[in-house]
Amino acid sequence: MTTAQPTGFKSWLFTTDHKKIGIMYLVTSLVFFVVGLLLAFVMRTEQLDITKKVIIDADLYSTAFTIHGAAMVLFWMIPVLTGFFANYMIPLMIGAHDVAFPRLNALSYWLYVMAGLIAVMALILPGRLDTGWTGYPPYSIVGPSNTAFYVFAVHLLGASSIAGAVNFITTIITLRAPGMKWGRLNLTVWGLFGGFIIQLVGVPVLAAAVTLLLFDKYLGTSFYDGTKGGSPILYEHLFWFYAHPAVYVVALPVFGIVSDIISTFARKKVYGYTSMAIAIMIITVVGFETWVHHLYVAGTLNWTRVVFMWGTIAIGVPTGIKTFNWLATLHKGSIELTTPMLHALGFISLFTIGGVTGIANGLLGLDIQIHDTQWVVAHFHYVLAISMSMLCMGGIYYWFPKFTGKMYNEKLGKIAFWITLIGAMIAFLPQHTLGLDGIPRRYWKLPAKYAPEMRIAVIFSYITIAGFLMTLYNFVHSAIKGEKAPANPWNSKSLEWQIPSPPPFYNFEKIPTITEGPYEYGKPAEEPAKSH
Amino acid sequence: MLKQVVRLLMAALVVSIPYAAAAAERVVDPVKSWDNHLKTWAVVGTVVYLTVTIPLIYFVFKYRRKHKDEDGAYIEGNTGLEILWTIIPMIIIIMLGVQSWAVFNDLREVPKDHIEVKVVAFMYGFEMYTPEGIKTLNELRVPVGNVKVNLTSKDVIHNFALPAFRTREDMVAGENTYLWFYAKEPGEYPVYCAEFCGSGHSSMLAKVIVMKKEDYEAWVKSKQSEAATATLTPEAKGKNLVESLACLGCHGIAGETKAGPALNGLFGKTEELEDGTKVVVDDAFIKEKIADPKAKPIKGFGHIMPPNMLTNEEYEAIAAYLKTIK
Ligand code: HEM
Ligand SMILES: [Cu+2]
Ligand SMILES: [Cu+2]
């Protein structure tokens with residue numbers, strides 16, 4: 001086994017090294033993040049005047065939110081977490097040389113790239129996608145859009161996700177170093193584990209759903225045609241059976257990363273580690289009992305709606321447990337407000353706003369008024385889109401010294417953070433008012449009386465976007481020009497920080513034997529941990 | 001421990017009985033129950049938000065690291081506390097859920113004394129049918145009272161959203177859905193389509209007009225006699241066409257700009273097209289516009305107007321009608 005690091009272009013193209021694949025995932029997903037931001041900029045600019053056309057017509061507005069949503073959810077958030085963080089961190093955190101199936105891992109990445117290319121083509125070629133990222137029939141079948149692009153992108157991405165899920169679940173189960181008990185895993189690993197289980201169960205259902213779309217559109221079948229014995233609502237069920245849990249594919253790893261960052265910078269053991277891990281697994285399971293909240297007003301049987309209301313709001317409990325445990329971790333900690341720590345705390349404050357508005361969406365009685373309104377747009381940008389993107393930035397900062405071997409610019413990091421946070425706190429606030437008034441989402445133009453609200457939304461969206469771009473600039477600049485980082489700049493106890501930065505080719509010269517968990521800060525000395 | 005948990009759950013149930021009782025003797029004004037529910041949520045939400053943010057900010061200031069190698073206190077957790085912040089959210093959620101369930105029943109259970117109307121959605125508009133069988137476009141007239149609305153669609157999925165009455169429901173081709181509302185006071189209330197249905201989605205607007213019973217009956221009478229004496233002039237035919245083809249979803253007829261330009265005072269007007277050329281509006285232009293809207297798009301709007309294949313007589317009727325509105 002050689003420990004020399006291969007270099008050069010080819011070494012990236014043909015690599016099966018989890019660290020290189022991880023970094024390729026990071027770079028690619030960040031490109032999609034920028035595409036998403038650009039489209040957000042375009043949509044918001046269109047809203048400078050909400051009564052008549054500013055820069056794009058209704059058709060292009062539809063394409064803009066479709067590709068924005070798809071790029072952000074399917075090509076940025078899910079890949080950066082299950083691609084970058086999982087690839088780079090899981091082997092380092094569990095003490096392994098690589099993942100279980102390195103070549104399958106490379107395949108996952110390249111399938112993802114191809115799916116991405118198809119998605120970008122869908123933006124440019126005639127018959128542009130305009131169905132929303134949800135692709136509901138009959139519109140996606142009878143409408144003008146080239147649904148095949150959507151379906152093939154989802155297929156390739158789905159194959160990539162399933163391969164990734166199999167790979168990482170196997171890795172976590174079989175490749176843990178001696179002594180790395182389940183109770184000693186980083187919560188990041190727990191979160192990713194939950195996320196991968198969801199991918200494995202859910203993605204095949206999504207793939208089936210969109211395949212039938214393809215049949216209906218090009219082969220003339222009528223699975224989703226209500227006038228010929230099919231039902232478009234069937235698609236909605238199949239789609240959300242995966243796509244709702246998909247938000248937990250994003251959220252669970254994010255919860256894990258928050259815990260890791262807070263523990264490191266509060267120099268304190270994560271409070272209630274066991275309940276944190278249990279909460280993750282509960283969400284993994286209960287996350288599959290909520291999807292019908294997307295069909296609260298879709299003619300669903302009344303009692304079915306009630307059943308799924310209970311599933312939906314039940315998720316609030318484990319989520320609450322996690323939030324309170326984070327607070328308790330800060331209590332009596334020794335807190336240092338570095339850039340990653342700020343991002344974790346900023347995440348909690350945005351996420352809580354979105355959590356509270358999400359309860360309103362989950363409550364069946366309330367949701368009937370605000371379903372599919374601007375309220376929902378505001379809700380998911382707080383709870384997931386912006387807060388979790390922000391947290392991913394925090395995670396990238398946190399491990400930046402590890403995977404680049406360089407330090408990022410702390411001062412620029414903090415300035416960019418505050419700009420993003422101030423923007424994000426306000427950018428979607430006004431849309432709650434519109435939502436309570438029942439104004440629908442995916443609206444190219446809006447009733448004129450909301451001009452003041454939308455002006456605020458536009459300005460603060462610009463600020464948010466500027467903040468994110470500054471963060472990205474910081475990454476690029478520091479990766480090239482940053483100072484050399486020490487192996488463990490945060491003095492963390494977690495395993496990935498105990499090896500050089502960046503890690504050598506096979507990570508560990510000798511697989512370590514683990515004697516304690518990753519968060520044992522300030523453990524009283526009189527009881528030295530025994531090696532088993 | 002288990003005993004305590006059971007006891008707490010029982011307590012939660014007891015607390016929620018009043019809500020269940022309220023559900024039994026149904027309040028018939030869903031708007032009121034919804035507004036109350038929103039208030040409860042707002043109070044609970046504010047408390048939750050403050051319970052998280054105040055300690056967060058306080059801890060960050062209080063426990064700031066003093067010197068470089070300082071560790072935090074070594075605390076693994078506390079089972080009692082952790083159970084506390086599992087149980088309390090559970091109770092809150094059960095109470096909110098029970099209330100929501102009651103509100104939902106108000107919103108979905110149609111009272112016995114109601115009239116039934118039918119609405120059919122299409123790209124982009126709503127056809128409304130009163131119980132007397134009168135068809136109107138994008139304008140539903142009802143008398144004061146409880147109204148059940150049966151919903152369906154001709155093409156893609158739409159949604160009949162009635163924010164003033166706190167209710168909405170999807171409209172699906174081949175399926176029948178419903179909603180009901182309590183038309184309490186005469187007035188005009190907006191209707192939106194709350195399911196994305198294509199480029200005309202944001203201009204798919206309509207209204208519900210609630211009328212006093214006498215007024216409504218008078219309106220029905222006048223409509224019925226109108227239909228009886230129907231040998232129409234081209235202008236009147238044109239008016240009917242413009243109304244029934246949903247042109248008014250995108251066009252105003254009193255100078256107002258919607259998704260498209262207003263249709264009044266068009267004849268003889270010089271319009272600038274997207275490629276910068278100018279055209280004068282005449283019969284031929286109107287005909288081409290309706291048959292193939294994308295051929296000469298007016299500057300400053302989207303390409304969203306759908307084409308309509310009509311007979312020559314019908315094109316002329318529309319043009320004749322447009323000449324009459326100044
Ligand atoms: C500064 C950042 C952002 C801004 C200003 C922004 C703005 C918007 C706007 C204006 C819409 C269209 C709403 C409508 O008309 O219905 C939208 C939709 C959406 N956004 Fe964002 N967004 C941002 C970031 C994100 C991120 C990071 C995500 C990541 C998950 C995201 C996910 C979505 C999704 C899923 C939709 C719905 C698309 C659809 O309706 O099909 N956004 N966003
Ligand atoms: Cu969902
Ligand atoms: Cu619509």
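Modeller: Donors are N, O and S atoms within 2.8 Å of the metal (3.2 Å for Na, K and Ca), and sites may look incomplete because water is not among the atoms. This is a predicted model, in which local features need pLDDT of at least 70 and side-chain atom pairs count only at pLDDT 80 or more, while totals for chains, interfaces and linings use all residues. Residues are numbered from 1 along each chain as its sequence is written, chains are lettered from A and ligands numbered from 1 in the order in which they are written, and side-chain values use heavy atoms, without hydrogens and water.

Along the chain, the donors of the copper ion (ligand 3) have the spacing C-x1-E-x1-C-x3-H. They are B:Cys193 (SG), B:Glu195 (O), B:Cys197 (SG) and B:His201 (ND1), at 2.2 to 2.5 Å. The angles among these four donor atoms run from 88 to 122°, and the site is tetrahedral, a label that requires all angles to lie between 85 and 135 degrees. For four tetrahedral donors the ideal angle is 109.5 degrees. B:Cys197 and B:His201 are both buried, that is, under 20% relative accessible area with a 1.4 Å probe and protein chains only.

A:His244 and A:His293 are 49 residues apart and link distant parts of the chain. A:His244 counts as buried because its relative accessibility is 9%. A:His293 is also buried, since its relative accessible area is 13%.

Definitions and conventions: Helices (H or I, at least four residues) and strands (E, at least two) are DSSP runs, numbered from the N terminus. Buried means under 20% relative accessible area, exposed over 50%, partly exposed in between (1.4 Å probe, protein chains only). Four donors count as tetrahedral if all angles lie between 85 and 135 degrees; four count as square planar and six as octahedral if opposite donors are over 155 degrees apart and all others between 65 and 115; anything else is irregular.
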